[in-house]
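Opened the notebook for a quick look at side-chain packing. I wanted to see what sits against what.

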Amino acid sequence: IIAEKGMLSPDVATVILEQVCKGMQAAHDEEILHLDLTPSNVFVKEDGTAVIMDFRSGRAIKGRAVTVKKGSEGYQAPELLAGEGGDVRSDVYSLGAVLYTMVTCKVPMGAFSRISELNSSARRFDSLVSRSLRATPDERPQSVEDFAATLVASGEEVVLPEREDDLEGWLEVLSYQPDHEQAMEALQAEI
């Protein structure tokens, strides 16, 4: 979708990534890591449903750290690149990198810019992405559930429109609520 549409709005990125988080959490519940999540591994169907693809690098975790061959540059956690093995926090790193790319159209490599410097409308993700892309796994959100909760909560910074008849403003407010069916309709319209 990024290749077709370019930079995604924060609302659309939230709706898509919340679905990706649910899929990743389901995999983690089955003790499977993805270990190479990238935007190209997320397919968005016409109805707005996000599907995670390409679990080739995925490994069963069974309570231990796993190693993996080199994955996609900019999306794979530093501990995996160093050959140290990874865990669920490695997938959290990838989720942060995917979110960064969704709203900036850039891959977070090296000394990358804050999201707000590249897309001021997505500044609400600065803290989440900054934490998710930390080199030390202990400093990241500790699970996909933690990442998802922060992602959804980041939309709560909404300032309500001054006028009740400001339909566009109210649609913006609704789009911050990924569970709301009107947010899904807005996503489908943008796709």
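This is a predicted model: local features need pLDDT of at least 70, side-chain atom pairs count only at pLDDT 80 or more; totals for chains, interfaces and linings use all residues.

I started with Phe 112: leaving aside neighbours within four places in sequence, Phe 112 is in contact with Tyr 100 and Leu 133 (contact means heavy atoms within 4.5 Å). Numbering runs from 1 along each chain as its sequence is written, and side-chain values use heavy atoms, with hydrogens and water left out.

Next I looked up aromatic pairs (ring centres of Phe, Tyr or Trp, its six-membered ring, within 6.5 Å; planes under 30 degrees apart are stacked, over 60 edge-to-face, the rest tilted). Searching the whole structure gave me one. The ring centres of Tyr 100 and Phe 112 are 5.2 Å apart with planes at 75 degrees, so I logged the pair as edge-to-face. Tyr 100 lies in helix α4 and Phe 112 in the loop between α4 and α5 (115-118), so the pair ties together parts 12 residues apart in sequence (helices are DSSP runs of H or I, at least four residues, and strands are E runs, at least two, numbered from the N terminus).

Buried or exposed? Tyr 100 is buried, at 2% relative accessible area. Phe 112 is partly exposed, at 32% (buried is under 20%, exposed over 50%, partly exposed in between; 1.4 Å probe, protein chains only).

Last, I checked Leu 99. Beyond four places in sequence, Leu 99 is in contact with Ala 13, Leu 17, Phe 125, Leu 128, Val 129, Phe 147 and Leu 151.
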